[in-house]
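Here's a friendly walk through one protein structure, piece by piece. Have a look at the sequence and the 3D view before reading on.

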Amino acid sequence: MSLVADTLARAALGTPRQVKNLTLIPLLGGGGGPAPYLSLREGIAAGVIEVTEVSESGSVPTLIARNRGDRPVLILDGEELVGARQNRVLNLSVFIPAATTVNLPVSCVEQGRWAWRSRAFHDSKQAMHADGRRKNIRKVNESLRHRRSYAGDQSSVWDDIADKAERMRVDSPTGALGDVYQRHDQALDEYVLGILPEPGQRGAVFAVNGKVRGLELFDDPAAFAGAAGKLVRSYALDAMEQGGEAHATDRATVEAFLAEVSAAPLVRFPGIGVGETLRLESPTVVGAGLAVADRLLHLSAFPAED
């Protein structure tokens, strides 16, 4: 078994929960207690991690993260950082050891601003919308295969955000993904409050209008609980755009998707900080994960096509 297949084999499906046309099927299994690392939100709130531009002039695809604390920090693929010269999202999940400084590969999600708003970045309520993360993971997979680079396709990211804003009737002066989220903030919070994590939940499979749209899996229930709000919002934004009535999601369909993820070819590359970035791609699945000491800390996987 691959690390992904072995980890998924130890996760049990819980009872589906639904808000409007978004369904969350819990992935259960694992003990409670605090995660052995901090999330981005926890690290920034504690003042132990600082993310900044690489220099006064900055660089669109790269930021610097300084972990001055005594615990590692996990930053997630697609997690949004706001402020500095323009808002960015991470191109892959990153595990930063204590007392360590690393460069972060990022993509810009605010095309029309290159001006200081703060010296350091702040945490955000959201990650990149789920379909945008699917597309960016595929581009990073290609970069790693062909150039051993963690770069995405910046032009494609900007085009995707512009299309998203137009479809959701949001006019953003700087082309910011955050403005799309802000316009629908109250409705998105209804999704988050309607499908809160349950004890022992390590992740979830998400479905929109009865169709599986992706999965998120963590090594620890506390880590999932901390990230759940951002992740639910990322799928809910896509669900709101698609519209539609509530649909039940067939258990056999969910199990078939998990089997496809488990069977997808897995390629490992050196990660940022410590660990390895795991890249999944098959005719039916695209995904990315982070392994540290052969333990799967985080996995995102999506159907390969819409």
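## Before we start

A word on burial: a residue is called buried when its relative accessible area is under 20%, exposed when that area is over 50%, and partly exposed in between, using a 1.4 Å probe and protein chains only. With that in hand, Ala 293 is exposed, because its relative accessible area is 78%.

What you're looking at is a predicted model, where local features need pLDDT of at least 70 and side-chain atom pairs count only at pLDDT 80 or more, while totals for chains, interfaces and linings use all residues. Residues are numbered from 1 along each chain as its sequence is written, and side-chain values use heavy atoms, with hydrogens and water left out.

Helices (H or I, at least four residues) and strands (E, at least two) are DSSP runs, numbered from the N terminus. Two strands pair if DSSP finds at least two bridges between them.

Strands of a sheet pair through backbone hydrogen bonds, either parallel or antiparallel. Strand 4 pairs with strand 7 (residues 73-75) in the parallel sense, over two bridges, and Leu 38 stands opposite Val 73 of strand 7.

Another open sheet has six strands, ordered 5-6-11-9-8-12, and its pairing is antiparallel. Strand 5 (49-53) and strand 12 (121-127) are the edges, each pairing on one side only. On average, neighbouring strands of this sheet are turned by 40 degrees against each other, direction ignored. (Axes are lines fitted to C-alpha atoms, for helices over the stretch in contact, and angles run from 0 to 180 degrees between N-to-C directions.) Within the sheet, three bridges join strand 9 (residues 88-90) to strand 11 (residues 100-108) in the antiparallel sense, and Leu 90 stands opposite Val 106 of strand 11.

Then there's a hairpin: strand 15 and strand 16 with five residues between them, where Gly 273 in the turn has a positive phi of about 80 degrees. Strand 15 (residues 266-270) and strand 16 (residues 276-281) pair in the antiparallel sense over five bridges. Leu 266 stands opposite Leu 280 of strand 16.

How far apart are the end C-alpha atoms of helix 3 (residues 130-147)? They are 25 Å apart, which agrees with the 26 Å that its 18 residues should span at 1.5 Å a residue. The expected span is 1.5 Å times one less than the number of residues. Buried residues of helix 3 include Ala 130, Asp 131, Arg 134, Ile 137, Val 140 and Leu 144.

Helix 7 (residues 221-242) lies across strand 8 (79-83) and strand 12, running at about 55 degrees to strand 12. Contact here means heavy atoms within 4.5 Å.

Some search rules first. On a 1 Å grid over the protein atoms alone, a cavity is a set of points where a 1.4 Å probe fits but cannot get out; a pocket is an open set with protein on both sides within 12 Å along at least five of seven lines; and lining residues have an atom within 4 Å of a point. Grid points are joined across faces, edges and corners, and a volume is the space filled by probe spheres set on the points.

The largest pocket holds about 270 Å³ of space. It's lined by 18 residues, and Ser 39, Glu 42, Ala 223, Gly 226 and Ala 227 lie nearest its centre. Helix 7 gives the most to this lining, with five residues.

Thr 249 sits in the loop between helix 7 and helix 8 (251-263). It counts as buried because its relative accessibility is 13%.

Most residues other than glycine have a negative phi. Arg 169, though not a glycine, has a positive phi of about 55 degrees; it lies in the loop between helix 4 (154-167) and helix 5 (177-183). At 77% relative accessibility, Arg 169 counts as exposed. Ala 293 also has a positive phi, near 55 degrees, and its place is the loop between strand 17 (285-292) and strand 18.
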